[in-house]
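Please read it alongside the sequence and the model.

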Amino acid sequence: MNPKALLVLLILALVTIFALVCVLVTRKEKSSHCGAKSPISLDRSQKNKNMIFAALSAEEMVQVVKYLQLRLPLVDASQAVSSNNFIHYVDVNIPRKEEVLKFLDHDGPRPPRQALAVVYFGNQLEPNVTEYVVGPLPVPAYHWDVTVQKYGKKISYHGRTLILSEFGDIETFLVEKKFIEAPTFMDQVFGHNGSNFEGILALPGGFQSGGRYSWITLFQNVKGFFLHPLGLEVLVDHSSLNVSDWKVPKVFYNGQYFNSFAELEEKFKAKRVIVTKVKPVSSDGGFSSLHPRTPPLRSGSFYHEPFGPHYNVRNNQVTTPTWSFAFRMDVHRGLHLYDIRFKDQRIVYELSVQDAISIYGSNSPGGMLTRYMDASFGMGRFAHSLVRGVDCPYSATYLDAVYLIENLKPEVHNNSICVFEQNTGTPFRRHFSNFQSVYYGGLASSALVMRFIVTIGNYDYVWNFIFHPNGAIESKVQATGYIISSFLHSDGLDYGNRVADHTLGTIHTHVINYRVDLDVGGIKNSLVANDMTFETVNTPWNPNHKIRRMKLVKKVLDTEDKAAFRHNDKMPRYIYFAANSTNKWGHKRGYLIQMISYAGDHLPEEDPMERAISWGRYKLAVTRRKEEEPCSTSIYNQNDPWTPTVAFADFIDNETIVDEDLVAWITTGFLHIPHAEDIPNTVTLANAVGFLLRPYNYFDNDPSIDSPDSVFFTDKDDFNSCEINHIACLPKTAACVPNLPPFTYEGFQNLSIL
């Protein structure tokens with residue numbers, strides 16, 4: 001090869017190497033990691049003052065337990081049975097609102113930090129449930145019984161909530177003492193081996209106060225067992241604190257009732273039992289399995305924050321440039337929000353879930369009696385760890401929650417709350433103008449979301465609190481998980497749809513109640529209704545013709561009776577809390593309550609247990625705020641609904657609600673008639689209800705116009721310029737690779753198996 005050709009090849013090689021280096025450098029630049037997150041300043045927040053609302057720390061819980069153990073005859077709650085004395089749970093005791101506001105708004109003294117301890121006294125002559133306030137924390141020095149002060153009476157022991165050991169005792173009682181009374185039937189019909197059954201209790205149990213009679217519906221013990229009923233249900237009388245006194249007064253199988261397992265065995269051997277055998281399924285549940293049917297392809301869409309989130313979380317407070325609020329997780333009622341402010345103005349003092357109930361229908365005994373009140377089980381207690389990228393966005397902020405219930409030691413649920421920004425992909429507002437002048441103005445729909453997910457048995461509830469850029473607050477709950485089914489027999493299709501060979505998806509309702517303590521422009525508010533009507537008038541410019549003119553109708557709802565709207569009542573389309581102050585245009589500043597609900601009918605009021613859930617009579621009720629009415633229901637109502645500890649209907653006694661501190665009790669829900677597409681799981685789509693709190697003349701204009709995320713440009717602007725249009729910078733600013741934490745999940749650790 002001549003030297004000239006060699007030189008050309010050498011130059012070409014150098015050029016190629018230089019080009020490759022450039023490509024690699026460019027790729028490295030493009031794949032560089034995003035910069036450090038810049039937390040939002042907390043200078044405008046309440047800082048440590050909002051710790052007054054914080055849940056108890058693990059250390060505080062331990063101190064409360066130690067204090068009570070030295071003063072009361074208690075056993076270890078983790079080993080306790082109902083006939084023992086033990087601490088059922090410990091939670092924070094929030095001070096009176098008057099004391100809190102003096103502290104927050106007027107630099108008054110900090111109220112003492114206290115705990116609420118609920119003690120079950122099963123080992124005494126007259127067993128009862130006692131609630132104590134313990135304080136001050138962190139070093140307790142006093143405790144006092146507040147039971148009668150809170151409820152106006154002592155709490156009967158038969159109204160206590162079910163504890164985990166009681167579930168276990170019922171299982172042992174049936175397997176070791178009752179199933180063996182029908183050995184031939186159990187073997188030939190089910191191949192029962194002592195462990196291939198799973199059971200669900202129907203609550204409440206019985207027909208009157210004083211007893212605990214629970215129907216246990218039995219299923220195949222497989223994944224998703226809720227969809228595999230066997231047709232066998234057992235009524236257990238577990239009223240006595242002595243397990244040896246428990247009885248089985250009735251047995252149900254495939255539409256037939258028997259007085260005992262012995263009778264069932266006798267009639268089975270005599271071939272007088274109609275048998276429908278159910279084919280056993282594999283341990284993964286077969287059609288009820290959630291195992292993916294197809295192999296994974298690639299990751300889906302991902303929400304990216306190249307400069308970090310526009311919010312900050314410190315201790316129990318969340319802050320954005322416009323919003324701030326405090327939060328805590330209540331062991332029974334889930335997430336509570338406090339002191340919600342928009343642009344430093346308090347809008348809501350407290351926003352909290354009260355209860356979620358489900359009422360079922362079926363032609364089987366368990367299904368036809370079921371009225372679950374989920375607060376009694378613990379909506380906070382069963383908020384487990386969230387899965388990144390599924391339950392919440394991968395890059396969300398995840399928070400822990402601490403509980404002490406049926407244990408001496410606190411339990412931490414890691415990553416059980418998440419906070420994130422959500423872009424819905426639609427404009428929050430926008431306008432394109434081609435009339436006279438040409439321009440575009442808009443704002444992407446981005447909101448702050450706080451979420452927790454509760455799994456109580458079969459259902460999963462996704463609870464969302466959403467904060468919008470115009471000062472609106474949204475509360476939304478979505479239902480998913482498994483339906484509870486009955487065994488399909490005789491006229492079963494009158495109570496639902498068939499969803500498998502022997503499985504009836506039973507009709508039921510989901511009904512949710514919230515407490516909303518709005519403070520619009522101060523604590524003194526009135527309730528105002530606006531609506532429309534048509535009036536017939538002569539046409540002003542042509543009196544020979546009449547027109548139907550739409551007109552605004554205004555009314556002040558001045559008493560609690562007028563502000564209580566029953567489930568089927570016609571309600572004014574605009575109902576709002578009005579302040580005494582006015583906006584620039586002379587209107588009373590207000591916040592509108594807008595509900596999203598598809599609720600089924602409420603339990604008829606003549607039903608003997610209806611008073612326990614009488615909040616469900618009303619889609620909206622506004623009452624004067626009272627410290628002695630903190631909740632619309634009680635956790636003890638589940639097991640004694642016939643003599644409820646709290647009956648919400650008693651809150652409404654026609655008091656005046658003009659210029660008073662008011663509370664809105666909002667009920668929302670949906671009717672669920674399960675169908676084939678609910679198998680294996682109900683999806684959240686369309687199974688979502690809630691409400692909005694929207695500003696109504698509270699401001700002088702739409703406050704979202706001040707959002708720095710707004711976009712505006714004209715036909716004469718360079719809309720590709722970052723200075724004119726920040727969206728134009730996205731190709732550059734979003735080119736970095738996010739610093740994602742590794743995927744972890746701790747939801748299976750220290751798990752209490754029901």
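N415 counts as buried, at 18% relative accessibility, where buried means under 20% relative accessible area, exposed over 50% and partly exposed in between (1.4 Å probe, protein chains only). This asparagine lies in strand β18 (residues 411-435), and its phi is near 55°, a positive value in a residue other than glycine. Strands (E, at least two residues) and helices (H or I, at least four) are DSSP runs, numbered from the N terminus. The model is predicted, so that local features need pLDDT of at least 70 and side-chain atom pairs count only at pLDDT 80 or more, whereas totals for chains, interfaces and linings use all residues. Residues are numbered from 1 along each chain as its sequence is written, and side-chain values use heavy atoms, with hydrogens and water left out.

N315 also has a positive phi, of about 55°, although it is not a glycine; N315 is exposed, with a relative accessible area of 52%, and lies in the loop between β11 (312-314) and β12 (317-319). P204 is found in the loop between β6 and β7 (213-220), while P680 is found in the loop between β32 (662-672) and β33 (688-696).

## Helix α2

Helix α2 (residues 58-69) has 12 residues and reaches 17 Å from its first C-alpha to its last, close to the 16 Å expected at 1.5 Å a residue, the expected span being 1.5 Å times one less than the number of residues. The buried residues of α2 are E60, M61, V64, V65, Y67 and L68. Because they cover an arc of only 165° around the axis, they sit on the same side of α2; the arc is that of the directions from the helix axis to the C-beta atoms. The partners against which the buried residues of α2 pack are β1 (85-93), β2 (114-121), β3 (128-135), β4 (142-145) and β17 (397-405), contact meaning heavy atoms within 4.5 Å.

## Helix α6 and its packing with α7

In helix α6 (residues 183-190), the buried residues are F185, M186, V189 and F190. Their arc around the axis is only 95°, which puts them on the same side of α6. They pack against β6 (197-201), β8 (229-237), β9 (247-253) and α7 (261-269), and just after α6, G191 takes a positive phi of about 60°.

The axes of α6 and α7 are 8 Å apart and the two helices pack at an angle of about 65°. On the α6 side, P183, T184, F185, M186, Q188 and V189 meet F261, L264, E265, F268 and K269 in α7. The residues of this contact divide into 7 nonpolar, 2 polar and 2 charged.

## Annotated domains

The UniProt record, an unreviewed entry, places "domain: Copper amine oxidase N2-terminal" at residues 69-142, a span that is 15% helix and 35% strand and whose end C-alpha atoms lie 13 Å apart. Over residues 205-255 the chain is 0% helix and 47% strand, with the end C-alpha atoms 20 Å apart. Such annotations may be inferred rather than shown by experiment.

Note on methods:
Axes are lines fitted to C-alpha atoms, for helices over the stretch in contact, and angles run from 0 to 180 degrees between N-to-C directions. Ala, Val, Leu, Ile, Met, Phe, Trp, Tyr, Cys and Pro count as nonpolar, Asp, Glu, Lys and Arg as charged, and the others, Gly among them, as polar.
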